[in-house]
Amino acid sequence: MAFVQFSKVSLAFGDRDILKDVTINLQTGSKVALTGANGAGKSTLIKVLAGINHPDSGTRAVQKDSRIAYLPQSGLTHHGCTLLEEADKAFEFGYKMQQEIDELGDKIASNPDNLNSLLEQQSTLITKLDESGWHRRQAVAESVLLGLGFERKDFDRQTEEFSGGWQMRIALAKVLMQHPDILLLDEPTNYLDIEARSWLEEFLQKYEGGFLLVSHDRYFLDVTINEVYELFNGDLKRYPGNFSHYEKVREVELKTLIAAYEQQQQEINKLEDFINRFGYKATKAAQAQEYQKKLDKMERIEIPESLKKIHFSFPPAPHSGRLVLRMNGICKSYDGTHNVLQNLELTLENGERLVVAGKNGAGKSTLLRIIAGQDSSYTGEMIPGAGVKIGYFSQDNAETIKGSQTILDYLESEAPLELIPKLRDMLGAFLFRGDDVYKSLDVLSGGEKARIALLQLLLSPVNLLVLDEPTNHLDIHSKDVLLSALRDFGGTVIFVSHDRGFIEQLATKVLELKPGQFKYFPGNYEYYMEQIAKEGESLPPGVQASLSPAPSSSGAVSSSNAPRNAPNVGGKENTSQVFATQKLGAQAVSVDVKKSAGACAYEEQKKLEAERRKKEKEISRLEAEIESLEKSKAELEAKLALPEVYSNGEKAKAVQRQIQEIADKIEEVTEKWMEITE
């Protein structure tokens with residue numbers, strides 16, 4: 001069995017301990033997530049595992065002939081060959097092995113004295129080469145490249161033609177094609193759309209080797225891993241189960257720590273207040289000095305950033321009418337020949353949270369730019385409702401952020417007065433903590449500027465948020481903070497995201513785009529995925545594109561061939577006429593169509609919700625049982641540390657048996673919990 005392991009590994013940068021006596025064992029079948037606050041040292045730990053960085057002390061052991069592949073977060077580029085030629089470099093290990101086999105063949109042909117030994121070596125290498133999939137390398141390369149979103153027409157393109165995000169996809173593809181014994185992946189989902197993420201999820205679920213990965217996508221982690229290692233203040237601790245289970249167990253575990261942290265913070269504040277007030281008074285100077293010594297000697301309690309309570313909310317959304325937006329027959333082409341958007345019809349009502357889904361190139365960002373007023377080179381009509389005020393975010397917004405101002409000064413100049421006291425917390429939620437708020441805008445990275453652009457959007461009162469990939473460059477906690485704010489937002493949201501967990505918790509409706517086609521789903525993302533699966537099972541190729549129920553405000557499905565219910569009017573003076581016509585069109589929808597697109601969907605969603613509630617109830621019960629068992633185990637472990645127990649062999653054995661029984665029970669209940677959550 002292949003493995004790579006640490007034993008009491010330590011590493012420091014200056015006076016900061018990154019790793020302190022860390023022990024970890026990765027082997028065939030390991031499915032591990034590495035988590036920790038930003039800057040905790042996750043990438044450093046992976047590099048030590050990969051053998052790139054070397055620890056100050058401790059040992060790193062690797063099983064002989066084990067193959068380890070490592071993917072960094074960013075920075076890899078490729079040039080000088082086609083995509084397929086670059087992909088073939090992933091199989092270099094196979095070419096070397098084949099060369100060894102051929103060299104052994106030449107030696108065997110000379111009939112040497114050690115013939116049996118050479119034959120055995122050659123046989124072992126041939127078996128390993130067969131098992132590695134090297135002989136199927138062309139099919140493997142095509143499968144992985146297509147799975148990660150490349151098209152066959154890309155195979156003969158020069159690699160330098162691909163953008164930075166696609167360069168990292170090439171690097172990820174090469175790592176996966178190697179089929180190593182141990183995979184080390186640092187943020188592999190950063191540059192993947194939701195289709196490529198889904199493919200990677202399935203790949204890792206079936207992967208026979210071991211892997212360790214870092215990701216800020218909770219859903220991706222939940223469906224791929226079965227144990228979590230947390231790196232905190234240089235210490236590494238293992239938690240069995242998926243990521244959501246780790247979060248719940250860790251939260252329970254840290255309740256005592258949080259209480260102690262809060263109590264210590266109160267004491268620190270009192271001591272500092274006394275020192276600041278009386279430090280210069282002769283009568284209190286001695287006491288102030290004693291308090292200062294006490295502060296200096298105090299061992300500060302730290303808690304993970306993810307557990308520090310940070311919350312913000314959008315400014316109240318200005319009032320708008322029920323109808324927020326109406327789009328009639330929108331067509332958009334970049335080359336004058338092929339339409340990215342074809343006769344698109346969309347009605348958006350107040351309070352909806354619409355996700356635009358579809359593969360790269362389907363026109364998602366194009367549609368959002370049109371809605372936000374950033375792109376006017378289209379045909380058809382876009383009619384905003386009365387009182388609609390739009391706020392728009394895209395990764396391109398970051399390019400406008402420049403200058404010598406500090407982050408804090410820049411945002412204070414943009415924020416309304418009532419939000420200025422909350423800016424520090426809001427900045428903290430978007431990963432700008434401590435002295436980071438005094439960074440100059442000119443020194444910020446692209447990711448930091450993107451986070452500032454998103455935060456800037458939250459400062460102005462709007463009632464229609466148009467968000468293109470708002471979760472990029474955010475960690476899991478920051479995504480949760482943003483998600484909470486968006487769910488509490490009193491206006492309407494239309495967004496694109498590649499984070500499935502974020503979509504599932506926010507979207508109430510789905511608009512699916514395909515090149516030149518569209519389809520509307522009057523339900524959440526789970527409902528959309530179920531309908532897609534059903535259509536894939538029941539419809540022959542091409543049928544879906546021809547379906548064309550009429551659009552309606554009641555939620556009927558739309559397609560690119562749908563009849564238009566509004567006259568071809570233009571100008572603001574005709575807005576009320578369009579909305580009135582749309583209302584009549586909605587009333588004219590037949591009872592049969594309403595039943596099929598409304599009642600059936602409603603009944604189906606009711607069944608799904610009932611099943612979900614049943615599962616959630618069982619999950620809660622199992623979580624409570626796990627918590628109780630963990631508590632009992634901790635009490636027995638504390639009992640085992642008592643002198644009257646550990647000094648008595650029989651008592652110690654009895655307690656150890658109880659601990660093992662509870663540990664087995666925890667594992668059994670955890671497996672049940674994982675079964676249901678999956």
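Visitor: What is the handedness of the crossing of H10 and H11?
Guide: In this predicted model, helices H10 and H11 make a left-handed crossing. H10 covers residues 255–278 and H11 covers residues 285–297. Their axes come within 9 Å and cross at roughly 145°.

Visitor: Which residues of H10 and H11 make the contact?
Guide: H10 contributes Glu 267, Ile 268, Leu 271, Glu 272, Phe 274, Ile 275 and Phe 278. From H11 come Ala 285, Gln 287, Ala 288, Tyr 291, Gln 292, Lys 294 and Leu 295.

Visitor: And how do the residues of that contact divide into nonpolar, polar and charged?
Guide: The contact of H10 with H11 has 9 nonpolar, 2 polar and 3 charged residues.

Visitor: Let us turn to H5 and H6. At what angle do they pack?
Guide: Helix H5 (residues 137–147) and helix H6 (residues 164–177) pack at about 140°, and their axes are 10 Å apart. That angle makes H5 oblique to H6. In handedness, H5 passes H6 in a right-handed crossing.

Visitor: Which residues meet there?
Guide: On the H5 side they are Val 140, Ala 141, Val 144 and Leu 145, and on the H6 side Ala 173, Leu 176 and Met 177. By class, the contact of H5 with H6 has 7 nonpolar residues, no polar and no charged.

Visitor: How does H6 pack with H7: at what angle, and how far apart are the axes?
Guide: H6 and helix H7, which is residues 194–206, pack at an angle of about 15°, with axes 13 Å apart. H6 is therefore roughly parallel to H7. The crossing of H6 past H7 is left-handed.

Visitor: Which residues make that contact?
Guide: Arg 169, Leu 172 and Leu 176 of H6 touch the H7 group of Ala 196, Trp 199, Leu 200 and Phe 203. The contact of H6 with H7 counts 6 nonpolar residues, no polar and 1 charged. Leu 176 of H6 was also named in the contact with H5.

Visitor: Now the sheets. What is the order of the strands in the open sheet of 6?
Guide: The order is S5-S6-S7-S3-S8-S9, and the pairing is mixed. Strand S5 (68–71) and strand S9 (235–240) stand at the edges; each has a single partner strand, so one side of each is left without a neighbour in the sheet. On average, neighbouring strands of this sheet are turned by 15° against each other, direction ignored.

Visitor: How many bridges join S6 to S7?
Guide: There are 5 bridges between strand S6 (residues 182–186) and strand S7 (residues 210–214), and the two run parallel. For example, Asp 186 has Val 214 in S7 as its bridge partner.

Visitor: Which helix lies across these strands?
Guide: Helix H1 (residues 42–50) lies across S3, S5, S6, S7, S8 and S9, and it runs at about 155° to S6.

Visitor: What about the sheet of 3 strands? What is the order there?
Guide: The order is S11-S10-S13, in an open sheet with antiparallel pairing. Strand S11 (339–349) and strand S13 (379–384) are the edge strands, each pairing on one side only. Neighbouring strands here are turned by 10° against each other on average, direction ignored.

Visitor: How many bridges join S10 to S13?
Guide: Strand S10 (residues 323–333) is joined to S13 by 5 bridges, and the two run antiparallel. In S13, Glu 381 is the bridge partner of Asn 328. Helix H12 (residues 364–371) lies across S10, S11 and S13, at about 125° to S10.

Visitor: A change of topic: where is Gln 456?
Guide: Gln 456 is in helix H15, residues 446–457. Leaving aside residues up to four places away in sequence, Gln 456 touches Ile 401, Tyr 410, Leu 411 and Glu 414. Gln 456 and Phe 393 are 63 residues apart in sequence and 9.3 Å apart in space, C-alpha to C-alpha.

Visitor: Last point: what pLDDT does the chain average, and where does it stay under 50?
Guide: The protein chain averages a pLDDT of 82, and 87% of the residues score at least 70. Over residues 538–599 pLDDT stays under 50, and for that stretch the model has 84 contacts beyond four places in sequence. Where pLDDT is low, the predicted coordinates should not be read in detail.

Technical notes:
Residues are numbered from 1 along each chain as its sequence is written. This is a predicted model: local features need pLDDT of at least 70, side-chain atom pairs count only at pLDDT 80 or more; totals for chains, interfaces and linings use all residues. Side-chain values use heavy atoms; hydrogens and water are left out. Axes are lines fitted to C-alpha atoms, for helices over the stretch in contact, and angles run from 0 to 180 degrees between N-to-C directions. Helices (H or I, at least four residues) and strands (E, at least two) are DSSP runs, numbered from the N terminus. Angles under 35 degrees count as roughly parallel, over 145 as roughly antiparallel, 65 to 115 as roughly perpendicular and the rest as oblique. A crossing is left-handed if the near helix is turned anticlockwise from the far one by less than a right angle, and right-handed if clockwise. Contact means heavy atoms within 4.5 Å. Ala, Val, Leu, Ile, Met, Phe, Trp, Tyr, Cys and Pro count as nonpolar, Asp, Glu, Lys and Arg as charged, and the others, Gly among them, as polar. pLDDT is the predictor's confidence in each residue, from 0 to 100. Two strands pair if DSSP finds at least two bridges between them.
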